[in-house]
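This briefing is meant to be read beside the structure shown below. It takes up the ligand surroundings and then the packing of helices.

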Amino acid sequence: MNTILVTGGAGFIGANFVYYMLENHPDTRVICVDCLTYAGNMSTLAKAMADPRFTFYKQDIRDRAGINAIFDREKPDAVVNFAAESHVDRSIEEPELFVQTNVLGAQVMMDACLAHGNIRFHQVSTDEVYGDLPLDRPDLLFTEDTPLHASSPYSASKASADLLTMAYYRTYGLAATISRCSNNYGPYQFPEKLIPLMIANALADKPLPVYGQGLNVRDWLYVEDHCKAIDLVLQKGQIGRVYNIGGHNEMRNIDIVKLICAQLGKPESLITYVTDRKGHDLRYAIDPARIHAELGWLPETAFADGIRKTVQWYLDNRPWWEQIVSGEYRNYYERMYANR
Ligand code: NAD
Ligand code: DAU
């Protein structure tokens, strides 16, 4: 039996990855380490908790002694580091936390891997480390050789962790890989992010706050396709290598919001243009040629299907997100959106 340790498994992508691994690898135990910040949710993991191959530890990745004790006990064969502060807007408000978790927390995980016999380490990174691309140059895409050029405290912290991962590979021979994915969407995404926020607000007939003119472009990938790509990198990826993950699905924010209105039968008059995000990246677009050529990965979910499934998931799982938007999230929303 293989043992894989997943950090941040109570969050959006981490939880989808936990389920993906339990379903697709019957010979694998999944150990989840998550300190349950506002973004971590045990109800997301309820089904996994019933599986004898799944173990959960409420544990902060910045706590070296706690992490080492889990490694001693569980003896993982591989580690996938999803744990992070992940929201750009929050990083503009509180950058220090992002450095602590995303950089120093990642370092603790790498040190633990080295100290326990050079355990295979995968760092889940983001296309945001490359900065942004102009709106009027559709020919330009991010490749793995695009220089790091982060714009926000969030992306700078992720870029720092990437640099540290590569330094650990070169200096200590850490058996590491990195993947840099574009924007994910799908079940269990916290409703502070564009797609679930717009779904939740539209269902409540509340204003849909579009930053600036809504012309910024993101490259959307269904979360399960991301999970599958990480699994492939873990199994077949070359140590010391970076893999971009994306499905050539660029869309303007305003078009996504209009699509959600149409799917929910809500009027576009709910759309409200609000003050832009500081330092707002214009466009992201991933070139996934390497992961396709070397590992045979291709996205399987077309955006039209993925967004339909996602909207349906939020309709079918109201208690999951209604509990979130009625709690501490209200203070956050007030802080972020009241005077915008
Ligand atoms: P998320 O915010 O939904 O979940 C993050 C999880 O990490 C939460 O469960 C939280 O409790 C946990 N966590 C935070 N700090 C921790 C700490 N100090 N110790 C232990 N656990 C901690 O994030 P997400 O959207 O699922 O993103 C997961 C990873 O994927 C992140 O590293 C992010 O940078 C990366 N990523 C996200 C996207 C996207 O579109 N969401 C795209 C590319 C890459
Ligand atoms: O590209 C990958 C990144 O995608 C990940 O690394 C991040 O963890 C993830 O949060 C996401 O970052 P973005 O900033 O692109 O996602 P967000 O959902 O916050 O915003 C998407 C776009 O929508 C962005 O251009 C800002 C805009 N937006 C967002 C919100 C929350 C709005 O117009 N209104 C909003 O209320």
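A polar contact is a pair of N or O atoms within 3.5 Å; within protein, one atom must be able to donate a hydrogen and the other to accept it, and residues adjacent in sequence count only if both atoms are side-chain atoms. The model is predicted, with local features needing pLDDT of at least 70 and side-chain atom pairs counting only at pLDDT 80 or more, while totals for chains, interfaces and linings use all residues. Residues are numbered from 1 along each chain as its sequence is written, chains are lettered from A and ligands numbered from 1 in the order in which they are written, and side-chain values use heavy atoms, with hydrogens and water left out.

**Ligand 2**

- A polar side-chain atom of Thr126 lies 2.7 Å from an oxygen atom of ligand 2, and Thr126 is also among the residues that come nearest to this ligand, together with Asp127, Tyr154, Arg277 and His280, out of 24 around it (a heavy atom within 4 Å).
- An oxygen atom of ligand 2 is 2.8 Å from a polar backbone atom of Leu194, and an oxygen atom of the ligand is 2.8 Å from an N or O atom in the side chain of Arg218.

**Ligand 1**

- Of the 30 residues around ligand 1, those that come nearest are Ile13, Asp34, Ser86, Tyr154 and Lys158.
- An N or O atom in the side chain of Ser86 is 2.6 Å from an oxygen atom of ligand 1.
- Backbone N or O atoms also take part: one of Gly11 lies 2.9 Å from an oxygen atom of ligand 1, and one of Ile61 lies 2.9 Å from a nitrogen atom of the ligand.

**Helix 7 and helix 9**

- Helix 7 (residues 194–203) and helix 9 (residues 253–264) pack with their axes 10 Å apart, at an angle of about 40 degrees, which makes helix 7 oblique to helix 9 (angles under 35 degrees count as roughly parallel, over 145 as roughly antiparallel, 65 to 115 as roughly perpendicular and the rest as oblique).
- In their contact (heavy atoms within 4.5 Å), Leu194, Ile195, Met198, Ile199, Ala202 and Leu203 of helix 7 meet Asn253, Ile256, Val257, Ile260 and Leu264 of helix 9.
- The residues of this contact divide into 10 nonpolar, one polar and no charged.

**Helix 7 and helix 11**

- The axes of helix 7 and helix 11 (residues 303–316) come within 11 Å and cross at roughly 50 degrees, and the two helices are therefore oblique to each other.
- Ile195, Pro196, Ile199 and Leu203 of helix 7 make the contact with Ile307, Thr310, Val311, Tyr314 and Leu315 of helix 11.

Key
Axes fitted to C-alpha atoms, helices over the stretch in contact; angles between N-to-C directions. Helix = DSSP H or I, 4+ residues; strand = E, 2+ residues; numbered from the N terminus. Nonpolar A, V, L, I, M, F, W, Y, C, P; charged D, E, K, R; others polar.
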